[in-house]
Amino acid sequence: MPENSPISRRNALKGLLSSAAGAAAVPAIAAPNHTEPAPPAHPSRFVFHDPDFMQPQKFPWEKLLSAEELATTQALADLILPKDETSPAASEVGVPDFINEWISAEYPAHQEDRETIRGGLGWLNTESFKRFEKRFEELGVAQQAQLTDDICGAGEVRPENRVGAAFFKRFRQLCLSGYYSHSQTWKSLGYVGNVSIGGPYPGVLPEVIEKLGLQDVV
């Protein structure tokens, strides 16, 4: 979102999380023979309405990705969502920072993503060194594509690439979430917004005016 927006990207993220977690926290409707649904076994913890007030999460949290991890994140994000005639590249709308903030949050689901993303970035650079003796972000686009083609799910994934494939799947999901939460990318989705539409405007049909008895006021 634009920096001058009253709703920051972080707040949008918080709202998104609260909606999803709130839906998950709604108890099931009791069956006819039951008087009350059982409470959840564990209280849910999520960003916007964290119920555990005795142990509040630190906010904003420290972002954990190193400079090297961020460089790899940017290169891979731009490979997935490159700049074209109508849309900015992923890095131009802050996708690497979005992913960094996401995986740095101290919530269970985010911690799982943290392990997946950081482990996957390490796997990607290890594989890059094995094949090309360079870090992933130092490769040309053709070499980057050659590597990621093996883990993007376009074909059968070999057993030795399964860790990379799991990482790429989650990384791509986070990329898309960060990319399309920015206003600069909405046009590519067909979003027009609150803009005037060109005329002509013929007005209300005469038969409608007559039916409503409004001949004297139009």
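This is a predicted model: local features need pLDDT of at least 70, side-chain atom pairs count only at pLDDT 80 or more; totals for chains, interfaces and linings use all residues.
## Helix 3 against helix 6

Let's start with a packed pair of helices. Two packed helices are described by the angle between their axes and the distance between the axes. Here, helix 3 (residues 95-104) meets helix 6 (residues 162-179) at an angle of about 115°, and their axes lie 9 Å apart. The crossing of helix 3 and helix 6 is right-handed.

On the helix 3 side, the contact is built from Val95, Phe98, Ile99, Trp102 and Ile103. Helix 6 contributes Arg170, Phe171, Leu174, Cys175, Ser177, Gly178 and Tyr179. Sorted by class, this contact of helix 3 with helix 6 holds nine nonpolar, two polar and one charged residues.

## The cysteines

What about covalent links? A disulfide is a covalent bond between the sulfur atoms of two cysteines. Searching the whole structure turns up zero disulfides.

## A loop residue with positive phi

Glutamate 133 is worth a look if you like backbone torsions. Its phi is near 60°, a positive value in a residue other than glycine. Glutamate 133 sits in the loop between helix 4 (108-132) and helix 5 (141-148).

Because its relative accessible area is 68% and the cut-off for exposed is over 50%, glutamate 133 counts as exposed.

Technical notes
Residues are numbered from 1 along each chain as its sequence is written. Side-chain values use heavy atoms; hydrogens and water are left out. Helices (H or I, at least four residues) and strands (E, at least two) are DSSP runs, numbered from the N terminus. Buried means under 20% relative accessible area, exposed over 50%, partly exposed in between (1.4 Å probe, protein chains only). Axes are lines fitted to C-alpha atoms, for helices over the stretch in contact, and angles run from 0 to 180 degrees between N-to-C directions. A crossing is left-handed if the near helix is turned anticlockwise from the far one by less than a right angle, and right-handed if clockwise. Contact means heavy atoms within 4.5 Å. Ala, Val, Leu, Ile, Met, Phe, Trp, Tyr, Cys and Pro count as nonpolar, Asp, Glu, Lys and Arg as charged, and the others, Gly among them, as polar. A disulfide is a pair of cysteine sulfur atoms within 2.5 Å.
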